[in-house]
Every structure is written in C-alpha cells, then in structure tokens.
Amino acid sequence: MITSFLVKSLDRTIITAVAILLGLAALVPALNLMTAPDHPLHVPTYLVSLFGKYLTYALLALALDLVWGFCGILSLGHAAFFALGGYAMGMYLMRQIGARGSYGNPLLPDFMVFLNWKELPWFWYGFDMFWFAALMVVLVPGLIAFVFGWFAFRSRVNGVYLSIITQAMTYALLLAFFRNDMGFGGNNGLTDFKDILGFNIQADGTRAALFAASALALAVSLVITSGIVRSKFGKVLVALRDAESRTRFLGYRVEHMKLFAFTVSAMMAGVAGALYVPQVGIINPGEFDPGNSIEVVIWTAVGGRGTLIGPIIGAVLVNGGKSIFTAAFPEFWLFALGGLFVLVTLFLPKGVVGTLQQHLARRRANREAARKNGEAEFAAAEPMAAE
Amino acid sequence: MYRFIQTVLMALFLTVAATPWVRAEEGLRDLVNALGEAKLSNMDEHIAALARTGDPKVVPILEALGEGNLYARKADGQVFLTDGTGSKLALTDPVSGDSAGEAPKTALSKVKVNNSVRRAVRTALGSLTLLSPDRDARLKAAKSVLQSPDADALDAVENALAAEKDAEVRALLEQARATSLLVSDRPVEEKRQAIRMMKQRGGRDALPVLSSALGSADEALKPDIEAALANIEQTQALWAAGQNVWYGLSLGSVLLLAAIGLAITFGVMGIINMAHGEMVMLGAYTTFLVQEVVRNSYPGLFDWSLAIALPLAFLVTGAVGFAIERGVIRFLYGRPLETLLATWGISLILQQSVRTIFGPTNREVGNPSWMSGAFELGGLTITWNRLWIILFALAVFAALLFLLKKTRMGLQMRAVTQNRRMASSMGIRTPWIDALTFALGSGIAGMAGVALSQIDNVSPNLGQGYIIDSFMVVVFGGVGNLWGTLVGAFSLGILNKFLEPYAGAVLGKILVLVLIILFIQKRPRGLFALKGRAVEA
C-alpha cells in the first residue's frame with residue numbers, strides 16, 4: 001500500500017525535486033565539513049545556516065500551498081503554526097540549558113528566575129525529553145488548527161472571512177505571547193540555547209546536521225503533499241476549491257476534507273518552525289506578527305500556488321532577495337516587497353512555476369497539434385501521390 | 001455680627017463717600033499699628049479686629065505676623081512688613097503696599113508671636129478668605145477646608161455659611177462644615193446630621209474622612225457611618241461603571257472612525273483593502289503638514305488647523321484611493337484574495353514612502369485649545385478631545401448614511417454593488433462609480449486620520465494598529481450594513497473596556513478577539529446580515 005502510495009505520488013518533477021533535496025542534504029554538509037576553508041568549493045557555515053533557514057521557510061510555504069493552492073483556504077495564520085512549533089522546540093532547548101543559565105537554576109529557565117517564579121508551570125513539564133517536544137511540535141499546531149478549523153469549516157466560514165479570522169487568531173496569539181504571565185518569556189521570547197540532543201548548537205557539525213534535517217523534512221513533506229494531492233482525495237480537494245457548493249451537493253463532506261488538509265498543513269508548518277528555531281537561535285512573539293503570515297502567502301504566490309515545487313522556489317527566491325536587498329539597500333526592501341505583491345497578483349497570478357508550466361504545456365500542445373496536422377496532411381497527400 | 005459690621009461700614013461708606021478710602025486706610029493703619037503695642041495676652045483681640053474689617057489687605061499682614069515678619073519701628077511705633085535676613089531689613093508699608101526703604105534691625109522691634117497667636121492668625125485667615133468679596137477666593141477656601149477637615153476651622157465655616165448667598169459656595173461650605181464637624185467634639189446628634197449630609201453628597205473624598213472617623217467615633221454613631229460608607233461606595237461603583245461606559249464609547253468612536261471607511265470599501269464594494277490603515281495614516285500626516293504650515297506662517301490660525309486639515313485629508317487620501325482603484329484594484333474584481341495581497345503590497349509601499357519622507361519617528365501633532373482639558377459631569381471625568389471625537393464619528397456616520405441613502409451618487413453606488421450588469425444597462429458608468437466609491441471610502445479613512453492624530457502617535461505604523469480592529473468591527477457588525485458597523489464598533493468598544501478591569505488590557509483584547517472568532521462561527525455574516533441573493537454573490 002505504501003509503495004502504491006509512493007508510486008502514485010511521484011511524477012517526474014517531484015522525483016527530481018526530491019533527488020535535488022536529498023543531494024543537497026548530503027552534499028552541503030560534506031562541502032562544509034570536509035573541505036578546508038580556502039578550498040574553492042567550501043561552503044561557509046553562515047551560508048549553511050542561511051540556506052537551512054530558507055528550507056524551513058520553503059516547508060512553511062509548501063504547507064500553505066496545500067491549503068491555499070489546492071483547497072482554496074487562504075490562511076493568514078500560518079506563521080502562527082510555524083511559531084507554535086518553534087516555541088515547542090524552543091522550550092526543549094531552554095530545558096537543555098539546565099544549570100548553565102546566568103542564574104544557574106537547574107530547573108527554571110532564566111526568565112522565570114528573573115520573574116521570581118518558584119516552580120515550573122505545568123505546561124513546561126516533559127519538554128526536557130526530545131521525543132515529547134518533537135511530539136508537541138506537531139500536536140500543538142495540529143490541535144489548534146483542528147479546533148479552529150472544526151468551528152470555522154462547520155459553520156461554513158470561507159473566503160475572505162476565513163482569512164480575516166485566521167488573522168485575528170494569529171493576532172490574539174501575538175498579544176498572548178507578549179505577556180510575561182504566559183510563561184513563554186514574554187517580549188524577549190526564548191533564546192541563549194546551548195545544545196540540542198547533546199550537541200553544541202553553535203558547532204559547525206550541528207548546523208550542517210540541522211541543514212540536512214531541514215532538507216530531509218522538506219523532501220518527506222513534498223512526497224506526502226504530492227501523495228495527498230495526486231490521490232482521489234486530492235482531486236476532490238481541487239474540486240471543492242473550484243466549486244465548493246457543487247462538491248457538497250455531489251455528496252462529499254466538504255468540511256471534513258478541509259479540516260484534514262488544514263490540520264496536516266498546520267502540522268507541517270509546526271515542523272518547519274521547530275527546524276527554524278535552532279538554526280536562528282531565538283524565538284519571540286514577533287514571529288506571530290500578522291505581517292509574517294501574509295509574507296508567507298507572497299512566497300507561495302511568487303512561486304506559483306497549486307504547484308508543489310512553486311512555493312519552495314518562491315520561498316527561496318523571495319528570501320534570498322530579501323537577504324541581498326536588506327544588506328545592500330535596507331530602506332528599499334519594503335518597496336521591493338510591496339511591489340512584488342502588486343506585480344505578482346497583477347501579472348503573474350500563477351506564479352513563476354505555474355506560468356512556466358502553462359507555457360510548456362502550450363508548447364507541447366502546439367507541437368502535438370502540429371504533428372497531427374502533419375500526419376493528416378501526409379495522409380491526405382498519400383492518395384494523391386498514389387494516383 | 002459680620003453683617004452688622006458690614007452694614008455699619010456701608011453706612012460709613014455712604015456718609016463719607018467723598019473720602020472713603022482715606023478713612024478706611026487710616027482705620028486699618030491704626031489697627032495694624034496697635035499690633036505693635038499689643039501684649040501677647042490680648043493679641044487675639046487685635047487680630048480679630050483686623051479680620052473683622054474684611055479688607056483683603058489684611059491677609060498679607062496676618063500672614064507676615066504668623067511667619068514672624070512683622071516689625072514695629074522703635075522711633076514712631078509704625079508697623080511694617082519686612083523682608084530679608086541679616087542686619088538690615090527691607091520695609092513694606094502694610095496699608096499702601098509701597099516700599100518704605102530699609103532699616104537696620106536694631107531700629108525695629110519684632111511683633112511677638114507664640115503658638116496661640118499663630119492659631120488665632122490661622123483661624124482669622126481662614127475666615128477672611130471664606131469671607132472674601134471675591135467669589136473664586138471663597139470657593140477655593142471652602143474647597144481647601146473640605147479637603148483637610150479641621151475642627152478649628154469649624155467656627156469660621158459656620159460664620160461664612162451664615163453670610164454666604166452664592167448657591168455653589170454654600171453647598172461646598174455645608175460639606176466642609178460636615179467634614180469638619182466629624183473631627184470636632186460637637187454633640188452626637190449634630191454629627192449624625194453631618195453624616196447624613198455626607199451620605200447624600202457622596203463623592204470619593206468623603207470615604208477617607210468617614211472611614212477615619214469610624215475608628216474614633218462613638219459607638220452610637222458607628223452604624224450611621226457604616227451605612228453612609230456602604231451607600232457612598234455603591235454610588236461610586238455606579239459612577240465607575242458609568243465611566244467605563246464612557247471609555248467604551250470613546251474607544252468605540254475610534255473604532256467606528258477607523259472602520260467606517262472600510263464599511264464602504266469592504267462592506268459595500270467587497271474589496272479587502274489592507275491599505276485602509278495607511279489611508280488613516282496619510283490623513284494624520286496631512287494634519288501634521290497643515291499644522292507645520294500654520295505654525296510657521298499663520299500662528300493665529302492654529303485653532304483652525306484641524307478644520308483646514310479635514311477637507312485636505314479627505315482630498316489627499318481620496319485621490320490616493322482613486323489612483324489605487326484605477327491602477328490596481330480594477331484588474332482584480334472577482335478575485336478577493338488577490339485583492340487582499342495586492343493592497344497589502346500597496347500598504348507596505350505607502351508605509352515605507354512615509355518613512356522615507358518624514359522619518360521613522362513620531363511626529364508631533366498639537367491639540368487645538370478647544371480640544372484640550374477636561375470637565376466633570378457628576379462622577380465622570382470627560383476629556384474634550386474624546387468628546388469631540390465621539391461627536392465627529394457620529395457626524396461622519398450620519399453624513400455617510402445620508403450620502404448613500406439620499407443622494408443620486410449613493411443610489412448609483414448601491415445599484416452597482418447590488419447588480420452590476422443591470423446598473424450598467426440602465427446607463428450607469430459602473431467603472432466610474434467603482435472608482436468614486438473606493439475614493440470615498442479612502443477619503444473617509446483620511447478624515448478619521450485627522451481625528452486619530454489627536455489621540456495617537458503619528459508614525460508610519462499608525463495604520464497597522466487599526467487594520468485588524470477595523471476588519472473585526474465590519475465583520476462583526478455585518479458586511480454591507482452601515483448600521484451594523486455602528487453597533488459593532490460601540491459594542492466592541494464597551495465590551496473591551498468592561499473586560500479590561502477584570503482581565504487587564506492585553507488579555508481583555510485577546511478575549512474580545514476570541515469572542516469575535518466564536519461569534520463568527522455562530523453568525524458567519526455578522527450581526528446584521530444581508531439576506532437574499534446578495535449573500536451568495
């Protein structure tokens with residue numbers, strides 16, 4: 001069954017993309033660790049971390065594409081799921097600091113000592129174990145998405161209304177996480193991480209491993225989403241995206257299907273956040289900013305929604321552009337980003353990949369038509385020649 | 001007694017009308033000079049005699065006496081106010097107030113004071129100001145007694161009460177008498193009356209007086225005081241609730257202002273305009289520019305700056321809105337999610353433009369004089385700027401309603417949004433109406449910016465703070481319904497302010513957001529939903 005799922009889920013593009021990702025997962029750490037710093041092929045550590053971060057963004061964009069591109073749900077709250085996953089990982093990393101914090105408290109993280117807390121709040125229990133934290137990374141965003149989606153889809157909140165209330169959700173979370181009483185570090189968030197699974201988080205080897213893990217997670221998610229999208233279920237998802245009422249009248253439980261896609265997508269976003277935090281070394285409430293969620297949407301739109309590799313390319317392109325731009329002309333980045341929003345929606349509604357695919361498909365169709373025409377002419381010409 | 005003297009003085013005034021001031025001054029001078037010869041034992045009689053004149057000039061003399069700055073010249077027994085330390089003192093004539101040169105200390109003898117003299121001075125001063133012919137001075141004196149009740153002041157207060165005719169000052173004096181009575185050693189029955197009186201009056205400052213009296217009072221009085229305390233606290237709680245409603249209305253008016261333009265662009269046209277907050281911001285910056293020009297060129301017009309800025313802001317943001325509609329949004333009709341993204345992009349560009357031109361820091365926008373200050377209404381404190389903003393929000397709402405329901409343009413707008421093709425067949429230029437409607441919504445956002453510049457920081461991020469709230473208001477109230485926006489704004493504002501004391505500002509806001517999210521589950525189309533075919537469009 002798994003093999004048939006795999007076979008069905010893969011086409012040439014996906015296979016190529018997965019192969020490239022796996023290749024990167026092996027090659028980049030190798031080039032970083034095994035070559036001398038002055039070697040022409042050496043990849044410096046900061047680039048490894050930078051691209052590792054892009055890969056987690058790509059995973060987030062892919063998660064959004066599953067709901068927006070294939071299900072028609074424009075979620076403006078995906079950065080919230082990303083941040084929740086990040087916080088779950090951040091809590092594990094905080095517990096790993098142990099007595100090495102500035103206050104030397106073996107149990108309480110520094111900010112709790114600073115706030116004069118006497119004992120660990122109940123929701124911090126268990127985060128000293130990696131498996132528990134890893135479980136929470138998927139469960140917490142998944143659960144919130146499930147509950148939120150359960151209410152929203154059941155009462156048929158859709159279109160822009162859904163977008164607006166997802167935005168309200170992330171805004172409420174933003175305000176909540178800014179509070180010191182919440183027990184998540186308030187304004188400063190969680191930072192000063194020391195090690196992960198016993199490895200120093202600053203070490204080159206750990207960073208390379210995190211990069212490989214991000215590439216691997218992205219490849220696995222790509223296979224999973226591709227499997228979902230190419231299955232019969234995926235076909236119904238696309239149908240409800242294009243004509244929700246009609247799909248419902250045909251007898252499909254539209255809200256259940258939406259809920260499934262939304263929850264899976266939120267879990268993927270959570271994983272992305274969990275991989276993001278150890279690579280950048282901090283998680284704070286700013287990640288919940290509604291603007292961030294909208295920015296994810298533009299990555300997906302630039303790459304091409306409704307295509308699976310589009311969001312990945314879009315996320316890397318936009319964020320690469322952001323890194324270059326903010327270094328070279330910091331004050332113009334927002335102009336560029338704003339312009340990108342306007343231009344892409346006006347002139348590239350299918351995104352880079354979508355437009356390219358359309359172009360290729362048209363060329364193939366033309367060639368096909370030309371060949372058929374040629375055959376027909378040939379067939380028509382034959383009897384004449386025979387005469 | 002005082003009235004008697006007043007009558008006598010008045011009679012004197014009438015009879016010797018030709019030289020009244022000379023006479024009065026001579027009398028005063030004699031009284032003052034008498035101080036220099038008086039003994040400590042009969043000093044209080046002299047002080048009382050001075051106080052009885054009711055002359056405002058007596059006040060500085062008595063003050064100087066209390067502080068030990070009154071000296072008599074040994075040579076002729078003249079008494080002077082003195083100033084300075086060391087061997088030489090500067091003399092001031094007590095009656096005319098003119099400088100009388102300097103004199104060595106040895107040529108002067110100090111008018112002696114002890115504690116009982118000082119007390120007499122204080123009482124005389126209190127009653128003097130309480131009896132002052134200036135109404136404001138009496139009011140101030142009565143208030144100061146009310147705020148620091150003193151058994152010694154009781155006689156003075158009662159004297160003043162007998163002579164007072166002004167109703168407001170009388171009321172204050174009666175309260176002052178009641179508070180002073182409680183700390184005095186008067187009979188229980190009188191005190192009970194005073195308590196009843198304070199209970200009627202209520203007010204926050206009565207609470208500490210009563211509760212401190214509770215400790216030292218007679219057993220017989222305790223139930224009275226406790227009842228009065230409970231009563232006052234209850235009224236106070238009622239006023240506090242009233243104040244919360246007021247704050248809620250004030251917040252609601254801000255929400256209404258921010259959301260009302262959105263009710264047009266989103267509610268009526270169905271365009272998700274994420275750049276709406278930036279229109280508000282542009283309106284605020286227009287106000288800033290107008291005030292800069294006014295300040296530099298026509299400072300006299302400063303109070304009018306908001307009135308000047310209002311139409312300008314409407315035009316500026318209306319023009320920007322027109323350009324956005326023609327340049328971007330018209331290509332995206334029927335694709336609401338894309339419109340959302342494109343307008344978000346526009347909002348980023350507008351924000352960054354303003355940041356580049358005006359800098360990232362807050363710009364100062366001043367309050368005109370008629371918008372600053374506050375007044376009291378019962379137990380409520382009402383600031384003028386909040387009141388004006390509430391009135392302004394309601395005025396904008398009314399004007400917009402009139403425009404939509406009663407004018408030709410409003411008719412065409414409604415026709416286009418209800419059935420575009422039919423409207424077009426009837427000869428309405430639908431693209432033109434689209435652009436005008438969007439410009440109208442943006443222009444109103446700009447006017448909101450003028451008002452919000454008075455209570456918020458004018459910075460490039462001004463609009464971002466309002467965008468989510470405005471969408472919440474419109475969605476909560478029901479899309480396509482201006483009344484829904486009004487009700488939505490005020491109910492969210494009041495709800496927010498009532499949650500705040502229990503949950504804190506941030507948690508209150510979170511609760512409101514969660515409530516809205518839950519509410520939308522229940523009624524996906526808001527409080528006042530459109531019915532019929534428009535829903536499915």
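Mentor: The buried residues of H15(B) are Arg386(B), Ile389(B), Ile390(B), Phe392(B), Ala393(B), Val396(B), Phe397(B) and Leu400(B). A residue is called buried if 20 or more other C-beta atoms lie within 10 Å of its own, exposed if 12 or fewer do, and partly exposed in between, with C-beta atoms placed from the backbone. This is a predicted model, in which local features need pLDDT of at least 70 and side-chain atom pairs count only at pLDDT 80 or more, while totals for chains, interfaces and linings use all residues. Residues are numbered from 1 along each chain as its sequence is written, and chains are lettered from A and ligands numbered from 1 in the order in which they are written.

Helix H15 of chain B covers residues 384-406, 23 residues in total. From its first C-alpha to its last it reaches 32 Å, close to the 33 Å expected at 1.5 Å a residue. That expected span is 1.5 Å times one less than the number of residues. Helices (H or I, at least four residues) and strands (E, at least two) are DSSP runs, numbered from the N terminus. An α-helix has 3.6 residues a turn, so residues three or four places apart point the same way.

What do the buried residues of H15(B) pack against? They pack against helix H11 (222-268), strand E7 (380-383), helix H18 (430-452) and helix H20 (482-503) of chain B.

The UniProt record, in an unreviewed entry, places the feature "transmembrane region" at several spans of chain B, among them 245-272, 387-404, 431-451 and 471-495. UniProt positions are given in the numbering used here, feature names are shortened, and annotations may be inferred rather than shown by experiment. Residues 304-324 of chain B are 95% helix and 0% strand, with end C-alpha atoms 31 Å apart. Residues 471-495 of chain B are 84% helix and 0% strand, and their end C-alpha atoms are 17 Å apart.

Now the rest of chain B. The chain is divided into domain 1 (2-118), domain 2 (132-217) and domain 3 (239-536), with bounds that come from an automatic or database domain assignment. The centres of domain 1 and domain 3 of chain B, taken over C-alpha atoms, are 67 Å apart. Ala156(B) is found in helix H7 (residues 154-163) of chain B. Ala156(B) counts as buried because it has 26 C-beta neighbours inside 10 Å. Its C-alpha atom is separated by 60 Å from that of Gln464(B), 308 residues away along the chain.

Chain B also meets chain A. Here 38 residues of chain A are in contact with 32 residues of chain B, where contact means that the C-beta atoms of two residues, placed from the backbone, lie within 7 Å. On the chain A side, helix H6 (130-154), helix H7 (160-178), helix H12 (290-303) and helix H14 (333-347) each supply at least two residues. The largest share of that side, 13 residues, comes from H7(A). By class, the side of chain A that touches chain B has 28 nonpolar, seven polar and three charged residues. Ala, Val, Leu, Ile, Met, Phe, Trp, Tyr, Cys and Pro count as nonpolar, Asp, Glu, Lys and Arg as charged, and the others, Gly among them, as polar.

Chain A has 15 helices and four strands. Of its 387 residues, 44% count as buried. The UniProt record, again an unreviewed entry, places "transmembrane region" at spans of chain A including 54-85, 129-153 and 160-178. Residues 129-153 of chain A are 96% helix and 0% strand, with end C-alpha atoms 35 Å apart. Residues 54-85 of chain A are 81% helix and 0% strand, and the end C-alpha atoms are 16 Å apart.

Confidence comes last. Chain A averages a pLDDT of 88, and 95% of the residues score at least 70; pLDDT is the predictor's confidence in each residue, from 0 to 100.
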